[in-house]
Amino acid sequence: MAITSIKNLKEFSTNNDRFEGAHLLCPGCAHSMIVRELMNCTDDNLVISSNTGCLEVSTAVYPYTSWDTSWIHIGFENSATAVTGAEAMYKARKRKGTLKDPDAPVKFVAFGGDGSTYDIGFQWLSGAMERGHDFTYICLDNENYANTGGQRSSATPIGAHTSTAQAGTHSYGKKQKKKDIVSIMAAHGSPYVAQLAPNKWKSMAKGFQKALETEGPCFINTVSACTTEWKFDPKDTIHVTDLATDSLMFPIYEIIDGHELNILYRPKNIIKVEDYLGAQGRYKHLFKPENKHVIERIQSDIDKNWTMLQRREEAKI
Amino acid sequence: MSITGSAIGTDKRGIRELGGEEKLGWDEVEQGVVLSSFDGSTENAAFLKPEEREYSDFNSYTATVASWRIIKPVYNRDICIDCQNCWVWCPDTSIISRDKQMLGIDYDHCKGCGVCVEVCPTNPKSLLMFNEASDNDAELAGWPVKEKKEK
Ligand SMILES: Cc1ncc(C[n+]2csc(CCOP(=O)(O)OP(=O)(O)O)c2C)c(N)n1
Ligand code: SF4
Ligand code: SF4
Ligand code: SF4
Ligand SMILES: [Mg+2]
């Protein structure tokens, strides 16, 4: 595989972007930061699928495409299905000797939002992981169904205001905890799963390269700050993501072969989750006295999770 | 329902008909439309700089979102250290970098989000946001000498 140099940003920047501008994602949307980085970390041919969601509707608005690689749009549930179908066909045609250029390096990548990954495309993703295709699935986790107006998903954290779990006089927003998709994917026996964030560009590029290089079904959950639904100024996308990783709301780690957990980023100063929550309109109501207990709950969940991750890393399990 | 439109492919038929009188009806567009990102070979995109590529009219590179902007980033080469922070985090592929050097902003694709300014580490910053209507040379002439540190 032709991986590109990620030694430092200067070298990385010599890559020729294959994700084009004049897509219609919101100004400051993190989806495109993540997609650009994936496409810049390899020179291989890419076969990419995107199911319905912000990324898909914004990058293929007829008569335009923003993709300089093979790219397919498929229904909401089926990003994994489409790209693993392509992968199976590619293998079959290779075996039959009917490929035009059988030696060309090709990688198969599926993008899905959290709505499709955690909820609606979940069983199709699970099936593709179990069948063991050679592909990488990347979830763009903005913790809501952004494309349809910000409904709650099972990736939405407890306490967040969404259009279907509203904060008001009788509710503090979503009542349920976020689903732990990384563990679920690791439990499929995937050779490589990780949680990565675009503010830590190098660990993200490294993780992407590892996933692309690893044979078999790999899964990566990426934190994708959504200026529109999280309610922050578009200029602050990286700042908010910094707060997410430094409060350990989004710890950065990988799990190899279902065991061997490695923490990929340890904040020098771990910040209080209040600083992260306070930077976004969707958590504004939590700062009322009657909702203080929700912030305490979120902080205590983070602390327990971080302890668990460190223990697993230490024990190599 | 009948699907009568012929395949829309590299002949650019889709674009002509969208812009001309004979617009295709919703049921005339063939299902499974294939849009080619390039005229000619598509194989070497990873090895070609944008100016070396043959973009097709279907590629959003040939379109513009400049009208989205109400504020714009202005770039000051004199202070820039070519760190490429702005390049890696621009969500709109609008930082023009060649051979490890920042060259400027692609105003056809920049939406004015301001992320590049926030991640620029120099002091004063090498990128600052201004009103879209302002004159770049005038803003460069009045560039701040030193910004107050945050916190
Ligand atoms: C089966 C099905 N249900 C619902 C929809 C409507 N729909 C389109 S995009 C979308 C939200 C996508 O959310 P997510 O996957 O999180 O991606 P995001 O837009 O947040 O990036 C929904 C509900 C659909 N297209 N198909
Ligand atoms: S709604 Fe959120 S995820 Fe969707 S394009 Fe806008 S910022 Fe990006
Ligand atoms: S303002 Fe936003 S879109 Fe424009 S160059 Fe800066 S980061 Fe890119
Ligand atoms: S972030 Fe600032 S210093 Fe770094 S390359 Fe961009 S303009 Fe230059
Ligand atoms: Mg989402």
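D301(A) and R297(A) lie four residues apart in helix 12 (residues 292-315) of chain A, so about one helical turn separates them. Their side chains meet in a salt bridge, with an N to O distance of 3.1 Å. D301(A) is buried at a relative accessible area of 18%, because the limit for buried is under 20%. R297(A) is partly exposed, at 35% relative accessibility. The model is a predicted one.

Over all chains, the search of the whole structure finds 19 salt bridges. One of them joins the side chains of E143(A) and K178(A), at 3.0 Å from N to O. This pair links distant parts of the chain: E143(A) and K178(A) are 35 residues apart, and each is in the loop between strand 4 (136-141) and helix 7 (181-186) of chain A. E143(A) is buried, with a relative accessible area of 1%, whereas K178(A) is partly exposed at 23%. E143(A) and K178(A) also belong to a network of salt bridges that includes D141(A) and R282(A).

In chain B, E132(B) forms a salt bridge with R69(B), and their closest N and O atoms are 2.8 Å apart. Here the partners are 63 residues apart: E132(B) is in the loop between strand 4 (127-131) and helix 4 (136-141) of chain B, and R69(B) is in the loop between helix 1 and strand 1 of chain B. E132(B) is partly exposed, with a relative accessible area of 26%; R69(B) is buried, at 8%.

## A buried glutamate without a partner

E56(A) is in helix 3 (residues 54-59) of chain A. E56(A) is buried but has no salt bridge, and the nearest side chain of opposite charge, K111(B), is 15 Å away. Apart from neighbours within four places in sequence, the contacts of E56(A) are S50(A), N51(A), W71(A) and H73(A).

## Nonpolar core and a covered helix

The largest nonpolar core has 109 residues, of which F111(A) and Y276(A) touch the most other members. Beyond four places in sequence, Y276(A) is in contact with residues including W230(A), L243(A) and F250(A), and also with E143(A) and R282(A).

Helix 2 (residues 30-40) of chain A is mostly covered, with eleven of its eleven residues buried. Among them are the charged residues R36(A) and E37(A).

## Nonpolar surface patch

L24(A), V61(A) and W68(B) form a nonpolar patch on the surface, with about 230 Å² of accessible area together. W68(B) is in the loop between helix 1 (13-19) and strand 1 (71-75) of chain B, and is partly exposed at 34% relative accessibility.

Technical notes. Residues are numbered from 1 along each chain as its sequence is written. Chains are lettered from A and ligands numbered from 1 in the order in which they are written. This is a predicted model: local features need pLDDT of at least 70, side-chain atom pairs count only at pLDDT 80 or more; totals for chains, interfaces and linings use all residues. Side-chain values use heavy atoms; hydrogens and water are left out. Helices (H or I, at least four residues) and strands (E, at least two) are DSSP runs, numbered from the N terminus. Buried means under 20% relative accessible area, exposed over 50%, partly exposed in between (1.4 Å probe, protein chains only). A salt bridge is a side-chain nitrogen of Lys or Arg within 4 Å of a carboxyl oxygen of Asp or Glu. Contact means heavy atoms within 4.5 Å. Patches are made of residues with over 30% relative accessible area and no salt bridge: like charges are joined within 9 Å, nonpolar side chains (Val, Leu, Ile, Met, Phe, Trp, Tyr) within 5 Å. Accessible areas come from the Shrake-Rupley method with a 1.4 Å probe; for residues, only the protein chains shown count as cover. A nonpolar core is a set of buried Ala, Val, Leu, Ile, Met, Phe, Trp, Tyr and Cys residues joined through side-chain atoms within 4.5 Å.
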